[in-house]
Amino acid sequence: MGGLVARALLTLKNFKPELINLLITQATPHVAPVMPLDRYLTDFYTAVNNHWILKAQELRNLTTLSVAGGFRDYQVRSGLAFLPRSSQHGSALSVVSSAVPRAWASTDHLSIVWCKELILATIRAFFDLIDENTRQITEDPKKRMSVLNHHFVRHPAKIFEENPEAFTELTGTFTWITVKASKWTYSVYNDSDGKYFTFPLASHRKSYSHVYCESTLLDTSSWIYGCMNSNSPMCLEATDLSWKAELLPTTKVIMLKLQDHPSLSHIVVHVPPTVGNKYTLDCEFFKEDSRTVQLPVTHLFSFGLSSSKILLNSTGLLYNVQLQHFNRIYQAFKIHIESHCQSLKERKPSVYRLHIPWSHEDSIIVARIPSSTEISAKLHIAQPQNDSRVPELNIYSSSDCHYEVILKTSLLQVLGQIMRFHAGALPAYIVSNILLTYGGQLSTLVSTGQCSDFSLELVRTAKPYKVEPLISIVVFLQGFNWFREIWESLSLPEVDAAVLSSRDAWFPLVSLILFLFGTGIAYWSGVFFSTSLRLFSSLWLALMRPPVLQKDKLITPRRLCGALSLALVSWTTCGALAVVIVYLQYLFKVIKLHVNVKADQNTLSGDSGRSKETLQNSRMHTVKNQSSMDSISEATQSLSNSTIAEAVNSLKMHVTILNLFTWIVLLNLPSLIYWLKNLRYSVKLDPDPCRFTAIIITCILEILMNSSTSEVQSSKLLKIAAKVPLPLSVAMLAFGRMHLYKVPDFVTFSLLLHMLCCIV
């Protein structure tokens with residue numbers, strides 16, 4: 001969040017943007033909050049991002065770098081850390097740590113600030129950003145972007161120079177050797193004499209399209225040059241092509257398209273005199289078509305049962321495997337690469353790079369040869385609509401080895417991607433399931449006069465076809481202008497699924513999967529809650545005498561005072577504190593009710609056994625007394641059964657309400673934690689995102705916790721209250737997935753109707 005606060009400084013009226021010219025953030029969610037639990041936080045994000053887009057022309061002097069942690073950062077996914085860019089603001093750079101040169105590793109949310117490789121990259125960038133004259137960060141925005149690209153995007157294995165010389169003199173009494181072959185390898189070990197190897201290009205331009213060279217000597221000196229229109233195999237002045245090279249974990253490589261360099265007549269590879277160093281140089285000319293292979297990815301619903309396979313039989317140094325139709329965030333694959341070599345000699349390791357062309361999120365893996373390597377292929381950002389480039393698997397290989405590439409859909413990785421991008425919406429789906437269950441219990445109470453069990457009602461009523469089709473229809477209709485105009489004229493907010501679809505982060509099955517996950521979590525949380533309730537009640541019965549089951553009045557002066565006190569706590573301190581207090585009070589009431597029901601059931605079962613024994617003894621003495629005792633026993637037993645049945649129904653309803661209220665407490669818990677941490681500075685949380693909701697819901701629950709199903713059953717509003725949870729569940733999933741702070745409002749409205757049923 002620190003990076004977002006730094007960006008927010010520019011929204012202040014009295015802040016001068018020219019005071020800062022460089023901003024570097026690490027693992028900062030710039031696009032949206034990770035969990036939208038607070039409307040103030042969501043509005044803050046919107047204000048900051050809109051300001052940066054609208055004021056892009058004024059902020060063009062500010063260079064911004066955002067570094068994301070990659071797939072190991074489970075707290076902030078990398079897609080949120082990519083800076084929102086506009087066409088006018090070209091000074092923003094977003095990278096993933098796995099693509100940063102010399103780091104090449106994903107980091108978790110904490111280690112990104114002390115990862116040694118990232119620290120060194122940042123320090124080197126700071127040194128190169130210093131202006132020699134002012135001893136401050138340079139004022140030139142082009143130089144700042146050049147430095148950041150040098151250290152965080154593409155490192156040429158050379159020390160940064162702002163304006164490298166166009167031509168370099170090739171000095172020294174070195175041996176010049178002409179190489180006419182299309183493929184060349186040279187091993188160096190304790191070579192005391194330097195050499196220049198020249199590759200004439202005229203003989204290769206017709207047959208080949210590219211030249212590729214690599215060196216395992218990872219120093220920062222220049223090593224490859226281009227001679228300009230020279231008829232002689234020697235040239236004293238050449239252009240330094242080393243700036244076009246790229247540093248990889250075990251080698252530095254360069255690939256040139258011959259058509260882009262028509263003025264070059266020779267390529268010169270410099271081998272300096274070395275003592276004690278052992279390295280290898282390789283060069284080859286090739287046609288791009290011969291080294292580019294298209295591999296269609298498997299379908300999402302193949303579930304890993306089918307695979308795409310390709311065998312690379314040629315003896316080249318570089319292969320580009322294009323992954324066709326790999327452009328959505330819900331796609332995830334496992335790529336197995338098996339290398340087979342003809343001989344058992346020692347070789348340099350192979351480097352596999354998954355290159356995503358529309359964002360800096362490459363991942364690099366180094367593998368020994370021969371070996372079997374597995375790579376996870378998944379995206380942080382979906383392919384933009386106006387981008388037709390294809391992700392590639394670059395294989396930097398050994399010349400005498402064959403590679404087999406097998407791609408399969410990974411179901412676990414697909415589910416992981418869905419959770420990574422949409423887990424923040426899961427609480428809305430859980431509450432929606434419980435709300436459907438709550439409505440089902442009210443409907444059962446209307447039709448049968450009995451309240452069903454939470455788990456059974458959840459299985460019966462929590463069905464995705466009750467909710468999802470209507471949302472999908474609305475999203476479909478919003479694609480038409482006439483429907484969108486009607487929707488906007490009603491001042492209705494945009495459906496969250498439509499917003500996610502516009503960002504290419506949504507597809508219909510996501511909602512179904514999240515709904516099923518929500519059903520499972522709601523079910524097992526209900527089982528856990530019921531088990532805990534029985535455990536606490538058994539402990540209560542073992543330690544103390546159970547209270548007498550009696551019907552309390554719904555509204556008393558004491559309860560009114562309690563409600564007013566909690567409302568005062570919400571207004572003067574923290575709304576979440578009042579919510580937690582009333583939750584604990586409600587939990588105590590439910591445990592007490594469970595103890596009463598369990599004790600009365602035990603007593604009734606014991607009394608019925610004793611009455612049967614008494615009746616059997618009385619038959620031996622008289623027949624007249626039998627009928628009177630029988631009628632008294634039946635009347636007493638029926639009265640007790642009806643009282644206990646009403647208490648059991650009330651208990652089931654209270655358990656469901658408490659399950660529902662538990663998630664409301666969890667959604668408001670961050671406000672309470674923040675208030676506790678800042679209690680020494682201020683007693684009142686201001687602004688408080690849940691203050692008004694807390695005031696309303698505490699007053700409602702103060703009445704509901706003392707209610708019974710008999711009071712609700714006789715209400716005229718019960719049928720309305722039983723039908724409302726379904727449309728509320730639909731509205732919750734339509735507008736609450738990206739705005740979790742709206743979820744308590746839907747629940748509060750449903751509980752308000754329940755409270756009115758107790759009164760009216």
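Which helix gives the most to the lining of the second largest pocket?

## The model

This is a predicted model, in which local features need pLDDT of at least 70, side-chain atom pairs count only at pLDDT 80 or more, and totals for chains, interfaces and linings use all residues. Residues are numbered from 1 along each chain as its sequence is written, and side-chain values use heavy atoms, with hydrogens and water left out.

## The second largest pocket

The helix in question is α16, with 8 residues in the lining of the second largest pocket; helices here are DSSP runs of H or I with at least four residues, strands are runs of E with at least two, and both are numbered from the N terminus. α16 (624–677) is joined by α1 (2–8), β1 (22–26) and α2 (39–54), each of which supplies at least two residues of that lining.

In total 37 residues line the second largest pocket, and Met1, Asp38, Leu41, Pro670 and Tyr674 lie nearest its centre.

## Salt bridges

The structure holds 12 salt bridges, each a side-chain nitrogen of Lys or Arg within 4 Å of a carboxyl oxygen of Asp or Glu. One of them joins the side chains of Asp745 and Arg39 at 3.7 Å, N to O; because Asp745 lies in helix α21 (residues 743–759) and Arg39 in helix α2, this pair ties together parts that are 706 residues apart in sequence.

Arg460 and Glu457 also meet through their side chains in a salt bridge, at 2.3 Å, N to O, and both lie in helix α9 (residues 454–461), 3 residues apart, about one turn of the helix. A network of salt bridges links Arg154, Glu246 and Arg353.

Technical notes:
1 Å grid on protein atoms, 1.4 Å probe; cavity = no way out; pocket = protein on both sides within 12 Å on 5 of 7 lines; lining within 4 Å.
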